[in-house]
Amino acid sequence: PVHATAAGKLYLAHAPEQVTVDEFTRYTPATPRSRRALDLEVERARSQGYATNLEEWQPGLAVAAAPVLAG
């Protein structure tokens with residue numbers, strides 16, 4: 001799910017035309033549940049150069065992802 005994964009946040013930060021967010025399903029208590037919360041995460045990913053998922057999709061799962069940008 002785009003709103004609850006590190007890779008999804010990177011798509012929203014660097015290629016938003018490639019993905020859509022239709023709903024904010026709650027997978028864990030840490031899952032972003034509003035457009036505002038997700039927008040803050042996406043902006044953080046854009047400014048840091050990487051995105052994280054800290055138990056947002058699955059309990060006990062932590063992920064960091066960084067884009068490989070061409071050009």
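Visitor: Where does glutamate 55 lie?
Guide: Glutamate 55 lies in the loop between β1 and β2 (62-65); strands (E, at least two residues) and helices (H or I, at least four) are DSSP runs, numbered from the N terminus. This is a predicted model, where local features need pLDDT of at least 70, side-chain atom pairs count only at pLDDT 80 or more, and totals for chains, interfaces and linings use all residues. Residues are numbered from 1 along each chain as its sequence is written, and side-chain values use heavy atoms, with hydrogens and water left out.

Visitor: OK, what's the phi of glutamate 55?
Guide: Near 60 degrees, a positive value in a residue other than glycine.

Visitor: Switching to α2, which residues are buried there?
Guide: Leu38, Glu41, Val42 and Ala45 are buried in α2. Buried means under 20% relative accessible area, exposed over 50%, and partly exposed in between (1.4 Å probe, protein chains only).

Visitor: And which residues are exposed on the other side of α2?
Guide: Arg36 and Ser47.

Visitor: What covers the buried residues of α2?
Guide: The cover includes α1 (6-14) and β1 (51-54).

Visitor: What is valine 42 in contact with?
Guide: Leaving aside neighbours within four places in sequence, valine 42 is in contact with Lys9, Leu12 and Ala13. Contact means heavy atoms within 4.5 Å.

Visitor: How many residues make up the largest nonpolar core?
Guide: There are 7 residues in all: Val2, Leu12, Ala13, Val19, Val21, Leu38 and Val42. A nonpolar core is a set of buried Ala, Val, Leu, Ile, Met, Phe, Trp, Tyr and Cys residues joined through side-chain atoms within 4.5 Å.
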